[in-house]
Amino acid sequence: MESIAENSLMQEIVVDYLNNNLRLQTKHLTYGDGTTGSYRLKDNLSKFINNYFRSIKDVKPKEIVVSSGKEGSAKTSGQDFHARSRYEEIKSRRYSGLLTLYRANAVPVSFGSIDPFSVEALHCYEQELVNFNKEHPDARIRAILLANPHNPLGRCYPRETLVEYLKFCEKYDIHLIADEIYAMSIFKTSSNHGAVQFHSVLSIDMDKIVNPRRVHVLYGMSKDFSSNGLRLGLVISRNRQLVEAMSSITIFSWPSAPADLAWCIMLEDTAFLEYYISEHQKRLGEGYEFLTGILDNLGVDYARGCNAGFFVWADLSFALEKPVDGSEPGLAEDMRLDQKLIQNGVHLAAGLGYQAEKPGWFRITFSQPRPLLLKGLAKMMKLLKGVDIEIPGVIPVSYHKTGLADSTYSSSRSSPDPLFVRKYSM
Ligand SMILES: Cc1ncc(COP(=O)(O)O)c(C=O)c1O
């Protein structure tokens, strides 16, 4: 079972589409329009973002810097912040890969029983920031990095919380880096009607709240377009100095012209785009219900109310060893459980990597091929509970009827073929 956040549910559709429509020209073998993405791509991205992210003020192509993968963009923007002054960052429980790239020092914030998506959570940040600045007169907190939708919790920040984040950044003279890479990876299920919908920070009227120059949005092709391997990411920023500084170093993360073209044709084909996004969201919802249905049948608990991302945040703490001194399981037991799973071929993303406050929590990705997911879950149950599970017996009933349990979707494509044959125009 794989821990990595890739979406195999849509890959065949993307591959078919690109194989039918991508036509390279000699210009795609040149240095093109420079190191920050083609003008055509930035134009398409600005239209896409303004439409799908509901930007209150149009994002202009010149406010976009494209690079090879969103981690490339993060690295580029992070390097710029880093070059200006030493900075520290406040972090919550979330995707940790970016921290490594920023080479930032992270300041952990504990929420205890407070919902990290609530406005109240800002008090925890404030307390930590004030204490940190008092105790470290030579360093300063410079930015908050927010993954919205959240990885690994699969939830979106309410609009009012985002507004508070913006006010907080203005009050303390810090930047907000909003990682919105899962913006279109949201879904409906029978159990998540009340879940908070995705709101981009770009959809908030910032004028009276925060200087827009301190707000930066990260996006990319990896998740919403199921194309991690094409390595395209971007930073959207109204901070001209930052855009210029990033543009001067994107030579190290120069996006490839064929990848750039691939995204262009998908974005330009509005019929395909609409179909693609609705199918993506539908399949994610089904994938989520498939996995949570199985977890329910297996008696494994997980965080409820999710409507975003490719994963379920599952509680495997029942399998933690008990410390010999009678204390509660902690980091050591958490690490041992993670190792036990990995050594037996079950690679889940451990809560450790997300600074989870409680041990025993793991991220299970449901957007992997179903047979692989089922095999992994069976292995996991054997390992952690010593039980042999009967796979057909744990699959939710609705999946028996559709036959989707055996499929990765590749053999049950529901898309009309005409969408794959695009009238080609350059
Ligand atoms: C929240 C978040 N940001 C960024 C990334 C990395 O994106 P990319 O493939 O564009 O480097 C991931 C990948 O798992 C992620 O979950």
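Mentor: Buried residues make up 44% of the 426 residues in the protein; a residue is buried if 20 or more other C-beta atoms, placed from the backbone, lie within 10 Å of its own, exposed if 12 or fewer, and partly exposed in between. Please keep in mind that this is a predicted model, where local features need pLDDT of at least 70, side-chain atom pairs count only at pLDDT 80 or more, and totals for chains, interfaces and linings use all residues. Residue numbers start from 1 along each chain as its sequence is written.

The protein has 13 helices and 11 strands, which are DSSP runs numbered from the N terminus (helices are H or I, at least four residues; strands are E, at least two). Our strand, β7, spans residues 233-237 and is mostly covered, with 5 of its 5 residues buried. In a regular strand the side chains alternate between the two faces of the sheet. Here, Gly-233, Val-235 and Ser-237 point one way from β7, while Leu-234 and Ile-236 point the other way, and all are buried.

Now for the neighbours; two strands pair if DSSP finds at least two bridges between them. Strand β1 (residues 64-67) runs antiparallel to β7 and is joined to β7 by 4 bridges. Within that pairing, Val-65 has Val-235 as its bridge partner in β7. Strand β6 (residues 215-220) is also antiparallel to β7, with 5 bridges joining the two. There, Ser-237 in β7 stands opposite His-216.
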